[in-house]
Amino acid sequence: VKDAGISRGLLYHYFKDKKDLFDFLVYFSMKMTAENMEKNIDWQETDFLGRIRQGLAASWELNLIYPYWIDFYSQISDAKELKKIRDIYEKYYPGLKNKIYRHNIDFSKIKEGVDIEKMINVVKFTLRGIGKKYWEETRSKGLELDIDVCIKESDEYIEFFRNLFYK
């Protein structure tokens, strides 16, 4: 409230309690993320890792605009809250996550015998981990976000995955 330069009373004029504010922040961040993904991903891209790269770049651009989102979401550890967030996302943006990972993707480029679900999860979890590691290092050292540094490291892993999973 103090950092925003508004009074506590004004805050509670718009939000009945902290939970209401929290719910709004979750909804707003999901809305902005979904709209950004829809706008910045080339849905004609058939290469899985190319699509992932586009989604990653779109996410980091949003993190530059809203740098505290990562902190906000990292504070949520309650399984019920996380499930609620996933459910809300699916309610308002049905199928978007699946669309990112599967819509118009040509999986015939993937080596024979690779489990597609496991590949998707390995890529997803690794790139999230890189982003989280970079964010924590940047914040702990009091540095500004440099999207190019994170994208560069992510690109190295994407190339690694390309060599590992593609024919």
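Analyst: Let us begin with contacts: in this predicted model, Leu62, once its neighbours within four places in sequence are left aside, is in contact with Met32, Thr33, Asn36 and Trp69.

User: Is Leu62 buried or exposed, and in which helix does Leu62 lie?

Analyst: Leu62 has a relative accessible area of 6%, and because buried means under 20%, Leu62 counts as buried. Leu62 lies in helix α3, which is mostly covered, with 13 of its 18 residues buried. From its first C-alpha to its last, α3 reaches 26 Å, close to the 26 Å expected at 1.5 Å a residue.

User: Which residues touch the most other members of the largest nonpolar core, and which helix gives the most to this core?

Analyst: As a general idea, nonpolar side chains in soluble globular proteins tend to be buried together. Here the largest nonpolar core has 37 residues, of which Phe48, Leu49, Trp60, Leu96, Ile100, Met119 and Val123 touch the most other members. At least two residues of this core come from each of α2, α3, α5, α6, α7 and α8, and α7 gives the most, with seven residues.

User: With what is Phe48 in contact, leaving aside its neighbours within four places in sequence?

Analyst: Read in that way, Phe48 is in contact with Tyr101, Ile105, Phe107, Met119, Ile120, Val123 and Tyr166.

How values were computed: Residues numbered from 1 in each chain as written. Predicted model: local features only at pLDDT ≥ 70, side-chain atom pairs only at ≥ 80, totals over all residues. Heavy atoms only, no water. Core = buried A, V, L, I, M, F, W, Y, C linked by side-chain atoms within 4.5 Å. Buried < 20%, exposed > 50% of the residue type's maximum accessible area, 1.4 Å probe, protein only. Helix = DSSP H or I, 4+ residues; strand = E, 2+ residues; numbered from the N terminus. Contact = heavy atoms within 4.5 Å. Expected span 1.5 Å × (residues − 1).
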